[in-house]
Structure formats: structure tokens, C-alpha cells
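The structure comes first, and the notes follow.

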Amino acid sequence: MTMLRRFAIGLLLGSQALACSTPLPPQELLQARTSYDAASKSAAAQLAPAQLDTAKQTLEKAEQSFQENGDEQKTKDLAYIADVRAQVAVAEAGREQATRAQAKDDHDFRNQQIDALETSKSQLDVEKRARAEAEKGKAEAEKKLSVAMASLTEIAKVKEESRGVVITLSGAVLFATGKSTLLPIAQDKLSEVAKALKDQGYKSLLVEGHTDAQGSADKNMVLSQERANAVRSYLVSQGIPSEKIRAEGIGSSRPVADNSTAEGRANNRRVEIVVEPMK
Amino acid sequence: MRKLCLATVMLATACGGAAVPQESLTAAKAAVAASEVAGAASEPNAALHLKLAKEQLAKAEQLIADGDNEEAASVIDRAQADADLAFSLSKEAGAKKEAADTHEQLQRLRKHQ
């Protein structure tokens with residue numbers, strides 16, 4: 001602005017020195033030329049061509065008035081209007097630019113929202129499908145287990161306890177008195193058990209050896225541990241993964257029947273296989 | 001003498017003088033009102049041109065009252081230009097603010113996801 005003014009004054013003095021007869025362009029006209037020049041080089045050329053054209057026409061009128069009437073008030077008024085019209089063109093271009101930017105951002109905003117919605121929808125679908133499959137798998141596993149257990153009821157006692165399904169095999173069928181070597185018939189039965197448990201979704205198996213109360217507690221403890229080990233080894237040989245099966249000797253500490261009768265003692269001599277369920 | 005003067009003025013108005021620029025005055029007043037509605041008063045640069053437009057209109061009305069219709073027409077044209085600029089500047093400021101708001105919302109949404 002200062003430079004412009006200085007330039008104008010310079011021009012004024014210079015031309016005054018040259019010729020006194022030619023009137024000098026008034027400040028308003030100089031300002032209008034500068035404004036129009038800047039506007040025509042701005043985004044207004046593309047975004048506000050109509051307003052820019054109005055400014056141009058007004059400037060031409062001002063120039064014409066200057067040629068015809070010199071720096072009269074009419075020239076100054078027209079020049080002032082041309083200056084303002086050039087500013088209108090710039091402002092309208094700025095408005096258009098902002099409107100376009102907003103429209104684009106608005107469009108992007110909507111798309112982003114739609115994307116987000118679709119992403120969460122598909123995530124939901126995946127979760128739903130996974131849940132349905134898990135439920136289906138669980139139901140199938142339970143069905144398979146109950147079928148397997150039903151087949152076992154012919155050779156063993158099967159009952160459900162809080163710790164899992166408990167398969168009880170009578171000691172008489174498994175071992176000779178005082179021995180921990182499996183009888184041949186026991187091997188057949190345990191093969192059946194292994195077959196039934198194969199492919200079942202259990203967490204682990206626990207083999208418990210139990211004795212009656214006859215003889216010393218220490219001896220019974222050792223015997224029950226050896227018998228549990230024997231059953232465990234055999235089940236492993238039949239395909240039960242070794243890391244999923246433990247053996248424990250319980251001795252005579254957990255009787256299920258009266259140790260004073262022969263029948264009771266027979267019931268207490270047993271091996272229990274606990275099928276520990278998955279969480 | 002005074003009578004003669006008055007007669008001369010009346011003659012000038014009747015024969016050679018321009019008509020009252022009523023149409024452009026009304027249009028310029030409407031443009032001022034429009035820029036006020038657009039919020040020109042709260043936008044510094046727009047407010048300046050709104051003020052100029054109002055001053056020119058007052059001046060034009062005085063000129064019309066004095067019988068100088070030709071000069072009034074020029075002043076009204078200036079007022080019209082100033083009012084139009086005040087309007088455009090207000091609208092531009094509004095559009096920029098809206099654009100900035102939308103942009104901020106978009107950025108927030110992008111950050112959120």
C-alpha cells in the first residue's frame with residue numbers, strides 16, 4: 001500500500017513535470033487497476049467469472065470517464081466502484097472455494113460413516129457366525145459324549161458328578177487279587193473305554209485306583225497307585241494322549257460301600273476314570 | 001433575486017436535470033438489508049463496507065433532497081457496490097466457518113476410527 005502510494009506520488013510528480021495539460025489518474029483509479037489486476041490473477045478468474053467481468057466493465061467505464069472527463073468526481077466514483085467490484089469477485093471466489101471444500105469433506109464424512117458402519121456390521125457378522133459355530137460344536141461334542149457314555153454303560157457304571165463324568169470299573173474284572181497286572185478281559189473293556197473317549201472334547205482324564213479296607217493302608221495305597229498306573233498306561237497305548245491323563249492311588253480312603261461285607265468290599269475295589277470337562 | 005434563483009433551479013430540475021434515482025435507491029437499500037441479514041455487522045471487513053454503504057445512502061438522500069439527482073445516482077451506485085461487497089464478505093466468512101467445522105468433524109471421525 002505504501003509502495004503503491006509512493007509509486008502514485010512519483011507518477012504524479014513525474015508526469016506533472018512532463019506535461020501540465022494531461023490530468024493524472026486519481027488515487028481511486030490507480031487503486032482500482034491494482035485491485036482488478038490482483039483479482040484477475042486470483043481464483044476469481046475460474047470461480048467468479050461473472051463478478052470479475054462486472055469489475056472489468058466498471059473499470060473500463062472509469063478509464064473512459066478519465067479519458068473524457070479527467071479526474072472528476074464521476075471518474076473517482078466509477079473507479080471506487082470498480083475497486084469494490086473486484087473485491088466482490090475475490091470474496092465470491094473465496095466463498096465458492098469454501099463451499100466446494102465443505103461439500104467434499106461432507107461427502108468424505110458420509111463415506112467414512114458408511115465405511116465404519118459396514119465394517120462394524122461385518123465384524124458383527126463374523127462374531128455371530130463364530131458364536132453359532134462354537135455353540136454348534138459344543139452341542140455336537142456333548143451329543144457325542146453322551147452317545148459314547150451310553151455305549152459304556154454296558155461294561156461300566158457311568159455317573160455324572162461335579163468333577164465330571166465318572167466311569168467306574170469293578171476291580172474284580174480288571175485285576176487278580178493283590179496284583180496290578182491287567183487281566184485279558186480288562187484290556188477288552190479298557191479298549192472300549194479308550195474308543196469311546198477318543199475324539200471327545202474333554203480337558204483331561206484322571207485314573208483313580210481304590211481298594212477295600214483289608215490289609216495295611218500303606219500296602220493298599222501302593223497297590224491302588226500301581227493299578228491306576230497300569231490302567232493309565234493301557235489307555236495311553238490305546239491312543240489317549242499321555243499328557244491328558246493322570247493316575248492317582250487313593251487306597252481305601254474313599255469307600256463307596258460297606259467294608260464289613262464281601263459285597264461291599266467288592267464294590268470298593270475299583271478303578272474310576274474321571275472325564276474332566278472343558279471350561 | 002431569490003425568486004429568480006428558485007425559478008432557475010426548478011427549471012433546471014424540470015427540463016435538464018436528471019430524475020430522482022428512486023429505483024436504484026430502493027435496490028441499494030435492499031442490498032444493505034440483505035448484507036445485514038447475512039451477518040455483515042459481525043464480520044469486521046464486511047461491517048466496514050456496510051457502514052460505508054449506509055453513509056453513502058444517507059448522503060444520496062441528502063443530495064436528492066437538494067435536487068442533485070445526478071450526483072445522488074453516482075453515490076447510490078457506490079452504496080450498492082459497498083453493500084454487495086459486505087454481503088459477499090459475510091457469505092464468504094460463513095462458508096469458511098462451515099467448511100472449517102465440517103473439516104474438523106471429518107478429522108475427528110478419522111482419528112476416532
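## The cavity

The largest cavity has a volume of about 30 Å³. The model is a predicted one. Searching the whole structure at a threshold of 30 Å³ or more turns up 1 cavity.

Which residues line it? The lining of the largest cavity consists of G171(A), F175(A), G209(A), H210(A), S224(A), R227(A), R269(A), R270(A) and V271(A). Sorted by class, these lining residues are 2 nonpolar, 4 polar and 3 charged. Three elements of chain A each contribute at least two residues to this lining: strand 3 (202–210), helix 8 and strand 5.

## The largest pocket

The largest pocket holds about 490 Å³ of space. Its lining counts 19 residues. Nearest the centre of this pocket lie E142(A), L145(A), G201(A), P277(A) and M278(A). The lining has 9 nonpolar, 4 polar and 6 charged residues.

Which elements build this lining? At least two residues each come from helix 5 (73–152), strand 1 (157–161), strand 2 (164–170) and strand 5 (270–277) of chain A. Helix 5 of chain A gives the most, with 6 residues. Strand 5 of chain A also supplies at least two residues to the lining of the largest cavity.

## The second largest pocket

For the second largest pocket, the volume is about 260 Å³. A set of 16 residues lines this pocket. Those nearest its centre are T177(A), G178(A), D212(A), R227(A) and R269(A).

Helix 6 (171–174) and helix 8 (217–237) of chain A each supply at least two lining residues here. Helix 8 of chain A gives the most, with 4 residues. By class, the lining of the second largest pocket divides into 4 nonpolar, 8 polar and 4 charged residues.

## Packing between the chains

Now to the helices. Two packed helices are described by the angle between their axes and by the distance between those axes.

Helix 5 of chain A packs against helix 4 (residues 69–112) of chain B. The angle is about 20°, and the axes are 7 Å apart. Angles under 35 degrees count as roughly parallel, so helix 5 of chain A and helix 4 of chain B are roughly parallel to each other. The crossing of these two helices is left-handed. Their contact has 16 nonpolar, 13 polar and 18 charged residues. Helix 5 of chain A is also the element that gives the most to the lining of the largest pocket.

## Packing within chain B

How do helix 3 and helix 4 of chain B cross? Their axes come within 8 Å and cross at roughly 160°. Angles over 145 degrees count as roughly antiparallel, so helix 3 of chain B and helix 4 of chain B are roughly antiparallel to each other. Their crossing is left-handed. The residues in this contact divide into 16 nonpolar, 5 polar and 4 charged.

Helix 3 (residues 44–65) of chain B also packs with helix 2 (residues 22–37) of chain B. Here the angle is about 155° and the axes lie 11 Å apart. That angle makes helix 2 of chain B roughly antiparallel to helix 3 of chain B. This crossing, too, is left-handed. From helix 2 of chain B, the contact uses L25(B), A28(B), K29(B), V32(B), S35(B) and E36(B). From helix 3 of chain B come L50(B), A53(B), K54(B), L57(B), E61(B) and I64(B). By class, the contact has 7 nonpolar, 1 polar and 4 charged residues.

Key
Residues are numbered from 1 along each chain as its sequence is written. Chains are lettered from A and ligands numbered from 1 in the order in which they are written. This is a predicted model: local features need pLDDT of at least 70, side-chain atom pairs count only at pLDDT 80 or more; totals for chains, interfaces and linings use all residues. Side-chain values use heavy atoms; hydrogens and water are left out. Axes are lines fitted to C-alpha atoms, for helices over the stretch in contact, and angles run from 0 to 180 degrees between N-to-C directions. Angles under 35 degrees count as roughly parallel, over 145 as roughly antiparallel, 65 to 115 as roughly perpendicular and the rest as oblique. A crossing is left-handed if the near helix is turned anticlockwise from the far one by less than a right angle, and right-handed if clockwise. Contact means heavy atoms within 4.5 Å. Ala, Val, Leu, Ile, Met, Phe, Trp, Tyr, Cys and Pro count as nonpolar, Asp, Glu, Lys and Arg as charged, and the others, Gly among them, as polar. On a 1 Å grid over the protein atoms alone, a cavity is a set of points where a 1.4 Å probe fits but cannot get out, and a pocket is an open set with protein on both sides within 12 Å along at least five of seven lines; lining residues have an atom within 4 Å of a point. Grid points are joined across faces, edges and corners, and a volume is the space filled by probe spheres set on the points.
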